[in-house]
Amino acid sequence: MANEMQKPVLEGKGATDYERYLRTDDLLSLQTVTEDLSHPDELTFQVVHQSSELLMKGASWELERARVALTEGNYPNCARLMRRADDMLEHPISLLRVLETITPYDYHIIRAGLGHGSGLDSPGFLSLLHIAPRIGDAFQEQLRSKGLTAHDIYRRHEEFFGLHDVAERMVDFDERLQFFRFHHLKLAQRIIGAGVVGTMGTPVEVLQQRMQHVAYRELWDLRNEITTNTSAPAGNKG
């Protein structure tokens with residue numbers, strides 16, 4: 001009976017149902033075979049980027065679910081799903097540190113096989129940039145429908161805890177986008193330098209400019225407003 005329970009019942013390749021369900025044969029065959037590697041570090045380069053793309057795909061999926069929950073006024077579920085997505089995005093950020101272990105000379109050996117490829121083309125990161133404003137629009141619609149401003153839900157956060165929680169998760173998400181850009185910038189400077197043209201002819205300076213982009217400017221600027229109001233003399237507070 002024990003042997004029978006160990007036999008796979010799912011269709012597909014693999015000796016176990018675990019392998020068949022996750023399609024590990026396919027997944028683990030997506031990297032360049034050993035004899036075709038331009039450098040031994042190329043496998044690390046591919047694994048890091050492929051893992052990051054999977055994680056960002058998962059985060060984008062959860063963020064779209066969160067957006068739908070937000071449009072339905074289901075703030076607890078929206079915040080829960082955004083929290084999950086934010087946790088997933090921690091890993092692509094930390095994985096950039098792994099790429100820093102590749103020396104500049106070895107990287108340029110690997111880079112020769114990238115064609116016109118660039119990290120700026122990442123489908124996963126582009127999907128995050130696409131969903132961010134859609135979540136922002138859904139959030140603003142919730143505020144309008146209740147006759148509130150972002151300042152209202154922060155000043156009366158106990159009364160509007162659900163929307164306040166969503167706003168804070170949005171800030172978490174925006175922060176992670178900025179963290180990713182920052183670490184990507186430092187990686188580029190560390191490996192290829194700060195004053196050269198990268199793949200696709202994109203200067204590192206462009207990465208620095210893009211790093212300044214903020215998805216939810218209102219929620220960041222609100223901190224300035226709160227600090228100004230709470231620091232002002234009692235008679236001058238707005």
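View 1. Val9 sits in the loop between helix H1 (2-6) and helix H2 (17-22). Helices are DSSP runs of H or I with at least four residues, numbered from the N terminus. With Leu10, Tyr18, Tyr21 and Leu22, Val9 forms a nonpolar patch of about 600 Å² accessible area (Shrake-Rupley method, 1.4 Å probe; for residues, only the protein chains shown count as cover). Patch residues have over 30% relative accessible area and no salt bridge; like charges are joined within 9 Å, nonpolar side chains (Val, Leu, Ile, Met, Phe, Trp, Tyr) within 5 Å.

**View 2. Helix H5 and its cover.** Buried residues of H5 include Leu81, Ala85, Leu89 and Leu96. Their cover includes H4, helix H7 (123-145) and helix H9 (161-191).

**View 3. Glu62 in helix H4.** Glu62 belongs to helix H4 (residues 42-71). Glu62 is buried, at 9% relative accessible area. Setting aside neighbours within four places in sequence, Glu62 contacts Leu81, Arg84, Ala85 and Met88 (contact: heavy atoms within 4.5 Å).

**View 4. A salt-bridge network at Asp165.** Arg83, Asp165, Arg169 and Asp172 are linked by salt bridges (a side-chain nitrogen of Lys or Arg within 4 Å of a carboxyl oxygen of Asp or Glu). Arg83 and Asp165 pair at 3.3 Å, N to O. This pair links distant parts of the chain, Arg83 in helix H5 and Asp165 in helix H9, 82 residues apart. Arg83 is partly exposed at 36% relative accessibility, while Asp165 is buried at 13%. Asp165 also pairs with Arg169 at 2.4 Å, N to O. Both lie in helix H9, four residues apart, about one turn of the helix. Arg169 is buried, at 13%.

**View 5. Arg223 and Glu168.** These side chains form a salt bridge, with the closest N and O atoms 2.6 Å apart. Arg223 is in helix H11 (residues 217-231) and Glu168 in helix H9, 55 residues apart. Arg223 is partly exposed at 27% relative accessible area, and Glu168 at 22%.

**Notes.** Residues are numbered from 1 along each chain as its sequence is written, and side-chain values use heavy atoms, leaving out hydrogens and water. In this predicted model, local features need pLDDT of at least 70 and side-chain atom pairs count only at pLDDT 80 or more, while totals for chains, interfaces and linings use all residues.

Methods:
Helices (H or I, at least four residues) and strands (E, at least two) are DSSP runs, numbered from the N terminus. Buried means under 20% relative accessible area, exposed over 50%, partly exposed in between (1.4 Å probe, protein chains only).
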